[in-house]
Number of protein chains: 2
Amino acid sequence: MNLIDNLNWRYATKVFDPNKKVSNQDLEFLKEAIRLSVSSYGLQLYKVLIIENDEIRAALRKASWDQKQITDASQLFVFCNYTLDYDRHVDDYIQRIISTQGTASDDVKQYGEFIKTSIDKMPAAERKSWSEKQTYLAMNNLLLACAELKIDACPMEGFDNQAYNQILGLDELGLNAAVIAPVGYRSAADKTQQRKKIRKTKEELFKTA
Amino acid sequence: MNLIDNLNWRYATKVFDPNKKVSNQDLEFLKEAIRLSVSSYGLQLYKVLIIENDEIRAALRKASWDQKQITDASQLFVFCNYTLDYDRHVDDYIQRIISTQGTASDDVKQYGEFIKTSIDKMPAAERKSWSEKQTYLAMNNLLLACAELKIDACPMEGFDNQAYNQILGLDELGLNAAVIAPVGYRSAADKTQQRKKIRKTKEELFKTA
């Protein structure tokens with residue numbers, strides 16, 4: 001199956017089979033797809049929590065409009081953007097470049113200063129938006145990796161992110177829950193899997209100039 | 001090749017071969033992958049411009065730090081989020097649901113009102129961020145579709161989006177250029193293609209709880 005087939009196969013799963021678990025091997029594939037995501041400057045300014053613990057998930061479900069995917073899926077992926085200490089994250093990134101590519105460190109350090117200045121110049125609301133956007137790219141890679149393995153998933157914005165931050169202790173870590181996705185296997189009882197996909201036509205969506 | 005292989009194959013292409021063009025058949029595949037992107041509520045609150053015209057691209061290049069990918073790639077994809085008239089977009093969406101799924105229109109209309117209220121309640125900065133985020137999901141689908149077809153691409157945030165809006169006449173259409181990606185074929189002269197990918201380790205990026 002190619003990417004288009006996989007995109008047509010997937011859907012936002014409303015009911016997961018709580019008895020079916022994603023294998024460790026498949027989880028490593030999903031993690032690698034996320035790890036290889038594109039991000040602004042390549043910074044990967046986020047951390048991804050994979051929540052399996054039942055008690056934590058019960059608490060998170062309460063902070064997610066009681067949506068049962070949170071507890072019934074095999075795992076819950078929580079994509080958290082960093083909100084603080086960008087200079088340190090850039091320094092870490094520059095170190096990764098030097099150790100991976102063996103690049104001359106003066107040029108690379110100058111590049112690091114350029115990135116720091118660019119981030120610093122952003123108005124606070126724009127910086128917040130910019131760092132959260134990067135997690136959407138990573139989450140999208142998760143969705144496509146799931147579809148390739150015929151694992152179901154449900155991208156979700158409908159949760160109380162401040163409650164998530166509190167339950168998961170994210171504030172202390174300079175992190176913020178930006179977007180989430182439970183993954184696992186659809187239940188036969190999930191009627192939404194039979195619905196036709198709703199999409200604009202190409203004519204509505206694209207304009208060539 | 002699977003998704004991981006494709007992700008390892010791709011890179012942010014700095015130099016495109018200006019003589020190589022993406023075929024119409026491949027373009028249709030890229031458009032279909034974008035069309036099938038996930039989006040908040042399924043609204044697809046964006047339009048995607050595919051810029052081929054040389055004069056327009058020369059003007060856009062000036063608004064993109066003179067980066068030559070803008071003019072040398074085969075096409076430039078500009079992902080534009082809608083900034084106005086959300087109620088109308090929701091109404092259009094509800095009509096798409098009714099005509100695609102033949103759903104009982106009262107339930108669906110109620111769902112439309114729920115979406116309108118949710119969007120309306122967002123603070124302005126959050127609404128802006130939210131609608132722009134959706135374009136990142138669509139852009140990511142483009143990148144993965146390109147990688148599957150061995151087409152090169154370069155995701156870019158480094159452009160003057162107000163200049164883009166002006167050059168492309170987007171303000172009048174209630175649109176805003178959020179993120180862009182030139183697509184085409186790498187030049188043999190692009191040395192960045194030989195660089196090792198810089199990524200955090202899985203241990204740095206993930207935490208299981």
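Two strands pair if DSSP finds at least two bridges between them. Keep that in mind for the close-ups below, which come from a predicted model.

**View 1. A strand of chain A meets a strand of chain B.** Here β1(A) runs parallel to strand β5 (residues 206–208) of chain B, and three bridges join the two. Look for L49(A), which stands opposite K207(B) in β5(B).

**View 2. An open sheet built from five strands.** Follow the order β5(A)-β1(B)-β2(B)-β4(B)-β3(B), in which the pairing is mixed. The edges are taken by β5 of chain A and β3 (152–153) of chain B; each has a single partner strand, so one side of each is left without a neighbour in the sheet.

View 3. Strand β3(B) pairs with strand β4 (residues 175–184) of chain B in the antiparallel sense, over two bridges. Within this pair, A153(B) is found opposite V183(B) in β4(B).

**View 4. Helix α2 of chain A and its surroundings.** How far apart are the end C-alpha atoms of helix α2 (residues 24–35) of chain A? They are 16 Å apart, which agrees with the 16 Å that twelve residues should span at 1.5 Å a residue. Along α2(A), the buried residues are L30(A), A33(A), I34(A) and R35(A).

**View 5. The side of chain A that touches chain B.** In this view, 52 residues of chain A are in contact with 52 residues of chain B. Elements of chain A that each supply at least two residues to this side include α1 (3–9), α2, β1 and α5 (86–101). Helix α7(A) gives the largest share, twelve residues.

**View 6. Inside the largest nonpolar core.** This core has 103 residues, and those touching the most other members are V78(A), F79(A), L142(A), V78(B), F79(B) and L142(B). Which residues does V78(B) touch, not counting residues up to four places away in sequence? They are L49(B), I51(B), Y164(B), L168(B), A177(B) and I180(B).

**View 7. Confidence in the model.** For chain A the mean pLDDT is 96, and 100% of its residues reach 70 or more. The model as a whole scores ipTM 0.97 and pTM 0.97.

Note on methods. Residues numbered from 1 in each chain as written. Chains lettered and ligands numbered in written order. Predicted model: local features only at pLDDT ≥ 70, side-chain atom pairs only at ≥ 80, totals over all residues. Helix = DSSP H or I, 4+ residues; strand = E, 2+ residues; numbered from the N terminus. Expected span 1.5 Å × (residues − 1). Buried ≥ 20, exposed ≤ 12 C-beta atoms within 10 Å, placed from the backbone. Contact = placed C-beta atoms within 7 Å. pLDDT = per-residue confidence, 0-100. Core = buried A, V, L, I, M, F, W, Y, C linked by C-beta atoms within 7 Å.
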